[in-house]
Amino acid sequence: MNEWWQSKRRKKRKSKEKKNYSLFELFLDVLFWIPEPFLFPFRLVFWLLRGVGKLIADVS
């Protein structure tokens, strides 16, 4: 039982270890977030028009 407990503690410690944020991961995050400020206003207008269209369809 003691060996099992020790192995479980080792696995838990490994999962809690601080993971370094690499330059490659930063680059990927930037690539994913660059388009967002440009696309969000168009998405917002699309959602609003779609909502108004559904509202008009439900009323008529």
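1. Let's start with Trp5: this residue is partly exposed, at a relative accessible area of 43% (buried is under 20%, exposed over 50% and partly exposed in between, with a 1.4 Å probe and protein chains only). Its partner is Trp4, and the two form a tilted aromatic pair, 6.1 Å centre to centre with 50° between the planes. Trp4 counts as partly exposed too, at 45%. Pairing here means ring centres of Phe, Tyr or Trp (its six-membered ring) within 6.5 Å; planes under 30 degrees apart are stacked, over 60 edge-to-face, and the rest tilted.

2. A word on the source: this is a predicted model, where local features need pLDDT of at least 70, side-chain atom pairs count only at pLDDT 80 or more, and totals for chains, interfaces and linings use all residues. Residues are numbered from 1 along each chain as its sequence is written, and side-chain values use heavy atoms, leaving out hydrogens and water.

3. The count of aromatic pairs is 2. Besides the Trp4 and Trp5 pair, there are Phe40 and Trp47, edge-to-face because their planes sit at 80°, with centres 6.4 Å apart. Phe40 is partly exposed at 40%, and so is Trp47 at 46%.

4. On charges, the count is 1 salt bridge, meaning a side-chain nitrogen of Lys or Arg within 4 Å of a carboxyl oxygen of Asp or Glu. Glu36 and Arg43 make the bridge, with their closest N and O atoms 3.4 Å apart. Glu36 is partly exposed at 24% relative accessibility, and Arg43 is partly exposed at 33%.

5. Last, Phe38: at 59% relative accessibility, this residue counts as exposed.
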